[in-house]
Amino acid sequence: MARGSQRRLLLLLLRYLVVALGYHKAYGFSAPKDLVVTAIEYQEVILACKYPKKTPSSRLEWKKLGQRVSLVYYQQALQGNFKDRAEMIDFNIRIRNVTRNDAGKYRCEVSAPSQEGQNLEEDTVTLEVLVAPGVPSCQVPNSALSGTVVELRCQEKEGNPPPEYKWFKDGVRLLENSKLGSQSTNSSYTINTKSGTLQFNTVSKLDSGEYSCEAHNSVGFRMCPAKRMQVDDLNISGIIAAVVIVVLVISVCGLGVCYAQRKGYFSSK
């Protein structure tokens, strides 16, 4: 008899657990995730507050969160620089001419009277603003000696997401795999598309030309003005001639000093 009661109790517990799990699944008791909204700079975006249509008795506030909380919509009016470029659509905010400064986390707060008193609901949304790259800064040496290591640099700090880079020589794109390049290009270079560097392990005269760099992301691209790099061979014969001349000058000076000493020009009277 006791065993039968235990079995019935176990069945009741299992049935309650199944019902509870079904309720949890149906009504989503898991922790809510913040909504992420993406917009391109200078276009428009709608920040949605996931609540029913606004009623006369409800009170709505929008705030931008951060180190300092700033009011976006308060006492039925848009605040700050949102006055001239935003509008309310029920609980939602429509922002025109979005800028990178608008990026961040926003929270809408809706309060309304209920039988238990004032009911407060909150919802958060994160705004991510995509920004096209600006004109990158390119560092190209004016001259270089053949056979040396030379690095060209390209950097851009405004783009979001961070841009990748392409290099061009005389208007023709340099491939990331230098082995696939044309025969008129040195095959010893390497390109880092993430950092924007173009490095020649052993630069040659073939690498002389006009170099430019392009920064690009999912929003757009910009290029820096082309700059010329001139590569010259090391003038061995010129160096040897200069050394010979220096040695001759030193020898002549030494002979002159010896001759003067023999004649007694340096002796004191």
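**Disulfides in a predicted model**

In this predicted model, the bonded cysteines of the chain, numbered in sequence order, pair as 1-2, 3-6 and 4-5.

Student: What makes Cys 49 and Cys 108 a disulfide?

Tutor: Check the sulfur atoms. They sit 2.0 Å apart. The cut-off is within 2.5 Å. So Cys 49 and Cys 108 count as a disulfide.

Student: Where in the chain do Cys 49 and Cys 108 lie?

Tutor: Cys 49 is in the loop between β2 (45-47) and β3 (59-64). Cys 108 is in strand β8 (residues 104-114).

Student: Why is the disulfide of Cys 138 and Cys 224 called left-handed?

Tutor: Look at the torsion about the S-S bond. It is about -100 degrees, so this disulfide is left-handed. The link of Cys 49 and Cys 108 has 75 degrees about its S-S bond and is right-handed.

Student: What does the pair of Cys 138 and Cys 224 tie together?

Tutor: Cys 138 lies in strand β10 (residues 137-139), and Cys 224 in the loop between β18 (221-223) and β19 (227-232). So the pair ties together parts that are 86 residues apart in sequence.

Student: How do you know that Cys 154 and Cys 213 form a disulfide?

Tutor: Their sulfur atoms are 2.0 Å apart. The rule asks for within 2.5 Å, so the pair qualifies. The torsion is about -85 degrees, so this disulfide is left-handed.

Student: Are Cys 154 and Cys 213 buried or exposed?

Tutor: Both are buried. That word means under 20% relative accessible area.

Definitions and conventions. Residues are numbered from 1 along each chain as its sequence is written. This is a predicted model: local features need pLDDT of at least 70, side-chain atom pairs count only at pLDDT 80 or more; totals for chains, interfaces and linings use all residues. Side-chain values use heavy atoms; hydrogens and water are left out. Helices (H or I, at least four residues) and strands (E, at least two) are DSSP runs, numbered from the N terminus. Buried means under 20% relative accessible area, exposed over 50%, partly exposed in between (1.4 Å probe, protein chains only).
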